[in-house]
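Here is a friendly first tour for anyone who has just opened this structure. Take a look at it, then read on.

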Amino acid sequence: MREAMRVSVCRQPKLRYIMENFVFHSPTEFVFGRDTQKDTGKLVAKYGGKRVLLVYGGGSAERSGLIATVKDALDAEGIFHTVLKDIQPNPTDDKVYEGIALCQEHAVDFILAVGGGSVVDTAKAVALGSCYSGDFWDFYAGKEQPQDALPIGVVLTIPAAGSEGSPNSVITKREGHHKISYRCQLTRPKFAIENPELTMTLPPFQTACGIVDMLCHIFERYFSNTPAPLVNAYSEAIMRDIMDRGLTLRLNPDDYEARADIMWAGTLAHNGLCGVGKVEDWASHRIEHEVSAIYDVAHGAGLACIVPAWLKFVAKSNPDMVWRFAINVMSVNPAGLSTEQIIDEGIALLKDFYHDLGLTTSLRELIGKEPDIDLLVKGLEGNMGKTVGGYVTLTMDDCRKIYEEAL
């Protein structure tokens, strides 16, 4: 990319809201660096855990010896533990029900997630369901509000979802393929252990998908009609660092400093810091959720197809922040270019970045066949209603056009 020409003041948007009142409360204790996983038992004990449900994916966590290390750390503190394993990407409700049953059977008082976003999200849903007499899905369906949840700790192995420091979780209900994001402050983890060395064995594809996801977590807050110059400025800095470090890891996956930056950036992208005082968007995530729910593709890979199509569509009616993004993050030199040309080049450079990570920006190529756009739109409307988005309010017809553009 060219050297960036930063804009000090954003173009005046057509709609301009006053910065929102906000409460930023991030109670998670982050323990960062080499060998920090060895402190897992002490941290669980610190937060009152005596009987633990250990949640993880399986395979690599066991083969690497991480699960054995975590169990040894729990044993050293005299902490009982039982296991919920084999959590898959795009986590589903059946594993949540299994985890709730284990918590009830073993009188679990603390949940420990060892893995990435899918594992942490499953742990959050189990934490809510274990303190509720009804069906945990009532919360995700918007029928009930939780009053309590079991405490959660995290040993992070995949930097992407940011779930280790956020109140958010995403679960798919197998019946009907309903993939729903739910935000509940009760499920912010008590602690998150982040050792960048644990991410060095990730396949390049998984690393790339995580980078796309964390970038999009910032996009959902950055593309807003709320003026927030300071928040925009540090959000841009984090985005630039993610992209720079992401390309470094593509060439040298064992670069500890790049791994460390990416891991911490993933947390900052989704702990709420980049959205304080702003009206957030979240259209891209909601549009993509239908893709990964129906076709079971990696969430980040789906976003690499949806985000450029979304940017192109919303820029037609609200170009301001897309223009700023092109200059301040994608390093487009605006000299002699029209607003449309600046935006087009910025989107093209973003797609080039995704390609450099080894990802496709074609929805058709990603799923290996022609997607059923009618089914995608129907699912989106069923889960989200008639409109989505905050930066530009999108109708279902608008979303159909975005799916078509993403082909």
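## Ground rules

The model is predicted, so to speak of local features takes a pLDDT of at least 70, side-chain atom pairs count only at pLDDT 80 or more, and totals for chains, interfaces and linings use all residues. Residues are numbered from 1 along each chain as its sequence is written, and side-chain values use heavy atoms, with hydrogens and water left out.

## The whole protein

You are looking at 16 helices and 10 strands (DSSP runs numbered from the N terminus, with at least four residues of H or I for a helix and at least two of E for a strand). The radius of gyration is 21 Å, close to the 22 Å from the globule rule for 407 residues, so the protein is as compact as a globular protein of that length. That radius is taken over C-alpha atoms, and the rule is 2.2 Å times the number of residues to the power 0.38. The C-alpha trace spans about 70 × 45 × 45 Å along its principal axes.

Of the 407 residues, 57% are buried (under 20% relative accessible area, with exposed over 50% and partly exposed in between, using a 1.4 Å probe and protein chains only).

## The sheet

Six strands form an open sheet in the order E1-E8-E5-E4-E2-E3, with parallel pairing (strands pair if DSSP finds at least two bridges between them). Strands E1 (29-32) and E3 (80-84) each have a single partner, so one side of each lacks a neighbour in the sheet. The twist averages 20° from one strand to the next.

Inside the sheet, E2 (residues 51-56) pairs with E4 (residues 110-115) over 5 bridges, and Leu53 stands opposite Ile111 in E4. Helix H4 (residues 93-106) lies across E2, E3 and E4, at about 160° to E3. Angles run from 0 to 180 degrees between N-to-C directions, and axes are lines fitted to C-alpha atoms, for helices over the stretch in contact.

The axes of H7 (residues 204-222) and H9 (residues 256-270) come within 9 Å and cross at roughly 35°. Residues making this contact include Ile211 and Met214 of H7, and Ile262 and Ala265 of H9 (contact means heavy atoms within 4.5 Å).

## A tucked-away threonine

Where is Thr199? Thr199 sits in the loop between strand E8 (191-194) and H7. Thr199 is buried, with a relative accessible area of 1%. Leaving aside neighbours within four places in sequence, Thr199 contacts Thr157, Pro159, Arg259 and Met263.
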